[in-house]
Amino acid sequence: DQPVKWPVAGFYFKPVLVLLNIAPFWAMLVLFARLLDREAKTEWTWTYSLFAAAFGTYLLPYAQTLNNHTIAASSAFFALYVLVRIWDDGAVQPWRFALLGLLAGFTATCELPAFAFLGLLGLALLARFPAKTLAWFAPAALAPVVAMVACQYAALGEFKLPYEEFGGEAYAYEGSLWKTPLELDALNVPWLDPEEAARRGIAKESYAKYLFHMTLGHHGFWSSTPIFLFALIGLIRLLKPGNRLNAAAWLTLALTAILLAFYTWNPKARNYGGSAQGLRWLFWLIPFWLLMLAAGLDAVAS
C-alpha cells in the first residue's frame, strides 16, 4: 500500500548501522590494540587477540542489523578501557570518572542486567576513590538512566518495564509468535503456561540442562566462541593479586556468575532467542572476556 517500499530504508538505515555498529566496533578494535601493546607479551598473542576480537565473536555478524546488544557491548568495552586507565594506570582526572559513569550507565540502559556492572563498578570505585566517585561518577551514571526512564514514560505512559509483561497479554496477542512458540522457543512454555505445555507435550528443561546449553551446549558462551576457553585460562591467571587487569578479572568473574544465575533461574528470561545462534543477551560480556584473552594466550604461546 505504500508509494515507496522498503528500498528507501537504505538511505537512512545503512548510515544508522555505520554510526551505531560499525564505527564503535572500529574504535573498539583500535583501543583494544592499544591495550594489547601493554598486555600481550608476544607478537603472536598480540596478533591472535586482535584478529579474534575482529572476526572471532558474535559482534561482527550482528553488526549488520540494528540491535541493542552490539551497542551495549561497545559501550561496555569503552567503560572497561576507561576503568583500566583509572585503576591500573593511575589516570584519575575527574573527567575520566564522569566518562566512566556515563558509559556504564548507558550500558545498563541498553542491557538491563548490566545494572549489575554499574553497581559493582560503583562500589569498587567508591571504596578506592570515594570523593571522585560521588562527585563525578555517580551523577554521570545517573544521566542515561534518567533519560531511559523519561523516554519510556513518554512512549508508554508508565514506568513499569516492558519486559515485565513477558508471558502476558502484551506478548501473547493473537498472531504473536509467543502465543504458540515453536522449536527452541517452545521450551519456555512450561515456565509460563504449564497447561499449554502439557497439552502440547512440551517437557520442562531442568535448570542444569539450561545452564549447560548456555555455557557448553548448543548456545554455549564458550562452545560457540571457543577462543574464550583461552580467555578462561587468562582469567584464572589474572585473578592473582598484583597483576594488571586484576580488577577487570574479578569484575568479569562476578558479572559472568551473576548473569548465568539470573538467566538460569529467572523463568521470564529462559529462552534461546529464536533463530539466533548465540545468547545475544550475553554479548555485552564479550569485551570483558576479550580483555582476559592475551593472558591466556601468553600461557600457551610457546
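A crossing of two helices is called left-handed if the near helix is turned anticlockwise from the far one by less than a right angle, and right-handed if it is turned clockwise. Helices, here DSSP runs of H or I with at least four residues, are numbered from the N terminus, and α1 passes α12 in a right-handed crossing. The structure is a predicted model, in which local features need pLDDT of at least 70 and side-chain atom pairs count only at pLDDT 80 or more, while totals for chains, interfaces and linings use all residues. Residues are numbered from 1 along each chain as its sequence is written, and side-chain values use heavy atoms, with hydrogens and water left out.

**Helices α1 and α12**

- Two packed helices are described by the angle between their axes and the distance between the axes.
- Helix α1 (residues 13-39) packs with helix α12 (residues 286-300) at an angle of about 35°, and their axes are 11 Å apart; such axes are lines fitted to C-alpha atoms over the stretch in contact, and the angles run from 0 to 180 degrees between N-to-C directions.
- On the α1 side the contact (heavy atoms within 4.5 Å) is made by Met-28, Phe-32, Leu-35, Leu-36 and Glu-39, and on the α12 side by Leu-290, Leu-291, Ala-294 and Asp-298.
- Sorted by class, this contact of α1 with α12 has seven nonpolar, no polar and two charged residues, where Ala, Val, Leu, Ile, Met, Phe, Trp, Tyr, Cys and Pro count as nonpolar, Asp, Glu, Lys and Arg as charged, and the others, Gly among them, as polar.

**Helices α5 and α6**

- Helix α5 (residues 115-128) and helix α6 (residues 130-156) have axes 8 Å apart and pack at an angle of about 165°.
- That angle makes α5 roughly antiparallel to α6, a word used for angles over 145 degrees.
- The crossing in which α5 passes α6 is left-handed.
- Residues of α5 in the contact include Phe-115, Leu-118 and Leu-121, and those of α6 include Pro-130, Thr-133 and Phe-137.
- The contact of α5 with α6 has eleven nonpolar, two polar and one charged residues.

**Helix α4 and its surroundings**

- Helix α4 (residues 94-110) has 17 residues and reaches 25 Å from its first C-alpha to its last, close to the 24 Å expected at 1.5 Å a residue, the expected span being 1.5 Å times one less than the number of residues.
- Twelve of the 17 residues of α4 are buried, so this helix is largely enclosed by the rest of the structure; buried means under 20% relative accessible area, exposed over 50%, and partly exposed in between (1.4 Å probe, protein chains only).
- Among the buried residues of α4 are Arg-96, Phe-97, Leu-100 and Cys-110, and what covers the buried residues of this helix includes α3 (68-87), α5 and α6.
- Helices α3 and α4 pack at an angle of about 155° with their axes 8 Å apart, and they are therefore roughly antiparallel to each other.
- As α3 passes α4, the crossing is left-handed.
- The residues that meet there include Asn-68, Ile-71 and Arg-85 in α3, and Arg-96, Phe-97 and Leu-103 in α4.
- By class, the contact of α3 with α4 has 15 nonpolar, three polar and two charged residues.

**Residues that meet partners from elsewhere in the chain**

- Thr-57 lies in the loop between α2 (43-55) and α3, and at 8% relative accessibility Thr-57 counts as buried.
- Although Thr-57 and Phe-283 are 226 residues apart along the chain, their C-alpha atoms are separated by 8.9 Å.
- Leaving aside residues up to four places away in sequence, Thr-57 touches Ala-52, Thr-225, Ile-227, Phe-228, Ile-286 and Leu-290.
- Tyr-207 has its place in helix α9 and, at 37% relative accessibility, counts as partly exposed.

**Backbone angles**

- Most residues other than glycine have a negative phi.
- Glu-183, in the loop between α6 and α7 (189-192), has a positive phi near 50°, and Glu-183 is exposed, with a relative accessible area of 75%.
- Leu-245 also has a positive phi, of about 70°, but Leu-245 counts as buried at 3% relative accessibility.

Technical notes
Helices (H or I, at least four residues) and strands (E, at least two) are DSSP runs, numbered from the N terminus. Angles under 35 degrees count as roughly parallel, over 145 as roughly antiparallel, 65 to 115 as roughly perpendicular and the rest as oblique.
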